[in-house]
Each structure stands twice: as C-alpha cells, then as structure tokens.
Amino acid sequence: MRTQVVDHPLVSHKLTTLRDVRTDSPTFRRLTDELVTLLAYEATRGIRVESVDITTPVAPTTGVKLSTPTPLVVPILRAGLGMLDGMMRLLPTAEVGFLGMVRNEDTLEVHTYAERLPDDLSGRQVYVLDPMLATGGTLAAAIRFLTDRGADDITAICLLAAPEGCERLEAGIADLTVPVSIVTAAMDERLNERGYIVPGLGDAGDRLYGVAH
C-alpha cells in the first residue's frame, strides 16, 4: 500500500480552516470541494491514458486521452458525498458509483447497507472518496468489496488519516494483489479513545451536513 501526504501550501491553508471549530457548514462544504480537487490532481497522476492523433490549428500532433473503460469514482456514504463535486470537477468523464457502509459499534464489524455499482469492475481504476481514514475498518471493507467486483487499481482520497488507521488498513488488505494508494492532506497524530482523529476536524459528516436527529 502506498500512502502520499500532499505537501502544498494551498492544501495546508484550506485544511487549517476546515479544522477550525468556528468554520460553518457552508464554508466547510466549499473548502472540502476545493481541497478535494487539489488532492485529486495528485491522486490521478497514475490515471491510465492512451495516445490519440489530433490536428491543431497549426499542425497534426499526438496527444493523450483517458483510456477505456473510464475510471469509476465511489464516494462512501454519507460523508464521501461532500467530496464528489470536487473530484468530478477534475474528472468529469468518470462514472460514479455509491457505497454505503456502517460499522457496528459493539462488534466493530462493517456492514454494507447500500450500493450502486457495476456488477463487473474488471480492468477499472477506482477512486474511493472517504473524508477520514480513522480506524481503517470501513475503508478496508470498501476496498475488498471493490476488488471482489474486479477492480484492479484503487486509490482512496481522504482529507485526513491517522497512523493507526493506515496500519490497520494495510494489515486488512495485505493479501490483496491489487495496487492500493492513499492520498491525504495530512497524517495526524493519533486516534483518541472514541476513535476520532487528533487533532482532526471532528465528524466530517456532521460538519458537512449538520447533525441528524
């Protein structure tokens, strides 16, 4: 598993405002959108392309276009939805699937409660959107779900990650032969006793959409 922390002043600047408890939901959503676009630029560095011949106003030349099948973007519900627009702004021709997963707080097992994905992902590059790589259990389950469908290259884009989550994720997918990459804006210090990333930014879903009652 490859982990990349994107070191860029604009990433750090936007992330600092996201962390601030005083940042309201509309501003949080806008900054998440902008930050994901910056992260996606790095995450798609290995996207598959093929040559194409074109003619400019001056002369013929050869360029590249995205290979077929096109990449698939999969936000993890619900918080991952807040990252979708920022990703699609950079990759508008990608297809979008959805994966809803929830962890049982007693057993810590992850259950899939909703999915809208192609039955066969053979040969597809998949970009998973999940704001927080905290304990790593949900993302590990999502990656296994996608590889079971045939995905052969997976990149997860996360706003924040914790060392414990990365370690657990790597252990949880150690038997997979599919390349997996994590692209994140920061590797934070640790998890607290409630499983929140420290210093973190709180509950990403609540800060994006408000607290559901």
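Biologist: Where does the confidence of the prediction stand, for the chain and for its elements?

Modeller: This is a predicted model, and the protein chain has an average pLDDT of 92, with 96% of the residues scoring at least 70. Among the elements of the chain, the highest mean pLDDT, 98, belongs to β12, whereas β6 has the lowest, 85.

Biologist: How should I read the pockets, and what volume does the largest pocket have?

Modeller: The general idea is that rolling a probe the size of a water molecule over the atoms shows where empty space is left. In this model the largest pocket has a volume of about 860 Å³. Its lining is made up of 30 residues, and those closest to the centre are R103, D130, M132, T138 and D203. At least two lining residues come from each of the strands β4 (72-77), β6 (98-103) and β9 (132-133), and likewise from each of the helices α4 (137-148) and α6 (204-209). Sorted by class, the lining of this largest pocket holds 16 nonpolar, seven polar and seven charged residues.

Biologist: What is the volume of the second largest pocket, and which elements supply its lining?

Modeller: The second largest pocket has a volume of about 160 Å³. It is lined by 16 residues, of which R2, A43, G46, T155 and S181 are the closest to its centre. Here β1 (2-5), α2 (25-43), β8 (125-129), β10 (153-158) and β12 (180-184) each contribute at least two residues to the lining. By class, the lining of the second largest pocket divides into seven nonpolar, five polar and four charged residues.

Biologist: Which peptide bonds are cis here, and where do they lie?

Modeller: As a general rule, most residues other than glycine have a negative phi, and most peptide bonds are trans. In this model the bond from T68 to P69 is cis, with omega near 0°, and P69 is found in the loop between β3 (60-66) and β4. A cis peptide bond also joins L77 and R78, with omega at about 0°, and R78 lies in the loop between β4 and α3 (84-90).

Biologist: Is S67 buried or exposed, and what does it touch?

Modeller: Relative accessibility is read against a cut-off, and a residue under 20% counts as buried. S67, located in the loop between β3 and β4, counts as buried because its relative accessibility is 13%. Leaving out residues up to four places away in sequence, S67 touches R48, V49 and E50. A polar atom of the S67 side chain lies 3.2 Å from the backbone oxygen of V49, and the S67 side chain also reaches the backbone nitrogen of E50 at 3.5 Å.

Biologist: How do Q4 and N192 read on that scale, buried or partly exposed?

Modeller: Q4, in strand β1, has a relative accessibility of 18% and therefore counts as buried. Apart from neighbours within four places in sequence, Q4 is in contact with E42, I182, V183 and T184. N192, in the loop between β13 (190-191) and β14 (197-198), is partly exposed, because its relative accessible area is 23%. A polar atom of the N192 side chain lies 2.9 Å from the backbone nitrogen of R194. N192 and A134 are 58 residues apart in sequence, with a C-alpha to C-alpha distance of 9.9 Å in space.

Conventions:
Residues are numbered from 1 along each chain as its sequence is written. This is a predicted model: local features need pLDDT of at least 70, side-chain atom pairs count only at pLDDT 80 or more; totals for chains, interfaces and linings use all residues. Side-chain values use heavy atoms; hydrogens and water are left out. On a 1 Å grid over the protein atoms alone, a cavity is a set of points where a 1.4 Å probe fits but cannot get out, and a pocket is an open set with protein on both sides within 12 Å along at least five of seven lines; lining residues have an atom within 4 Å of a point. Grid points are joined across faces, edges and corners, and a volume is the space filled by probe spheres set on the points. Helices (H or I, at least four residues) and strands (E, at least two) are DSSP runs, numbered from the N terminus. Ala, Val, Leu, Ile, Met, Phe, Trp, Tyr, Cys and Pro count as nonpolar, Asp, Glu, Lys and Arg as charged, and the others, Gly among them, as polar. Buried means under 20% relative accessible area, exposed over 50%, partly exposed in between (1.4 Å probe, protein chains only). A polar contact is a pair of N or O atoms within 3.5 Å; within protein, one must be able to donate a hydrogen and the other to accept it, and residues adjacent in sequence count only if both atoms are side-chain atoms. Contact means heavy atoms within 4.5 Å. pLDDT is the predictor's confidence in each residue, from 0 to 100.
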